[in-house]
Amino acid sequence: MNFPATRLRRLRSSAALRSLVRETRLEPSALIYPLFLCEGVGVRREVSSMPGVFNLSIDEALKEVEACAALGLGGLLLFGVPDEAEKDEQGSGAWAEDGIVQRGLRAIKNLSAAGSLVVMADVCLCEYTSHGHCGVVNREGDSFVVDNDPSVALLAATAVSLAQAGADVVAPSDMMDGRVGAIRSALDQAAKANTPILSYASKFASAFYGPFREAAASTPHFGDRRTYQMDGANLREAMREIEQDLAEGADMLLMKPAMPYLDVIREARSRFDLPMGAYQVSGEYSMLHAAFQRGWLEPERAMLESLLSIRRAGADFIVTYFAKDAAALL
Ligand code: PBG
């Protein structure tokens, strides 16, 4: 097994050989594209910190859906950007029958092109609450608590409403304890026993969500999310979160963020056998784009390498703002 008998460079000598022995592959069908739905007609408003990412009115989103299907993407992940005036303390827009995502889902599911896409809906309250937190807030003098159990009930109602509007998969991203179990039983009671739950089981309180909060107008108005999202230092706790969500009935896992937490993805892959995705979050996308704009990184190579790293760490699929750009190259 020693040099010179073994020369590892032999298998790198041509593109054909390199392709034959490649261990990890990227395919459009393993990429999920996030869409931000907003009110209006003909609206296509670019998110300033995310070049190429837009708030889209439903008619514009339908054009994106056609493009995503033509590229062979695996699916979509829908977020709502309701008008500010519609927001309230509870986030009631999240489960409104005529909510922005509910209407978007009905329109998207009506398109024949959407048949090849798994249409997922994010389940959270932060885009709908007037305070921007992911659950119900109780104020106690100068401090506040995001109240777990009442929030879980609202999240379960949201998941049911999204499933009824046509979501193929519901994806809770709030990080309240017990929400997967509550969502599972609410779906079952609503005759949606076949709707799978993609749980953001391992979601860290991260600086890399910054640009998303501009895209979704969901920045908390006070405090931060550290009492519900996980501390970035904790890998073992991430495994406990996953175990818990599995026990409550999660069908798939979503790990988030991706690139700063590849070790967590790898560890989850070696411990758990259910399908697992990873979310290459907004800050990961913006940081690469900032370097592209300056000519500091080669866009295509850096994009594909960042996605490959996430697959190599063990993710089966990737939620990424690069989904369309990457699929066009693959
Ligand atoms: C909602 C949610 C967030 C993201 C996905 N779902 C924001 C947050 O937790 O603050 C972030 C996605 C991204 O940064 O691309 N809770």
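## A tilted pair

F292 is buried because its relative accessibility is 13%, where buried means under 20% relative accessible area (1.4 Å probe, protein chains only). F322 also counts as buried, at 1% relative accessibility. The ring centres of F292 and F322 lie 6.3 Å apart and the planes meet at 45 degrees, so this pair is tilted. Rings of Phe, Tyr and Trp (its six-membered ring) pair if their centres lie within 6.5 Å; planes under 30 degrees apart are stacked, over 60 edge-to-face, and the rest tilted.

F292 belongs to helix α9 (residues 282-293), while F322 is in the loop between β12 (317-320) and α11 (323-329), 30 residues apart. Helices (H or I, at least four residues) and strands (E, at least two) are DSSP runs, numbered from the N terminus.

## Basis of the model

This is a predicted model: local features need pLDDT of at least 70, side-chain atom pairs count only at pLDDT 80 or more, and totals for chains, interfaces and linings use all residues. Residues are numbered from 1 along each chain as its sequence is written, and side-chain values use heavy atoms, with hydrogens and water left out.

## Aromatic pairs and a cluster

The structure holds 11 aromatic pairs. In one of them, F204 and Y261 have ring centres 4.3 Å apart and planes at 10 degrees, so the pair is stacked. F204 is buried at 1% relative accessibility, and Y261 is buried at 12%.

One aromatic cluster is formed by F36, F79, Y200, F212, Y279, Y285, F292, Y321 and F322.

Notes
Buried < 20%, exposed > 50% of the residue type's maximum accessible area, 1.4 Å probe, protein only.
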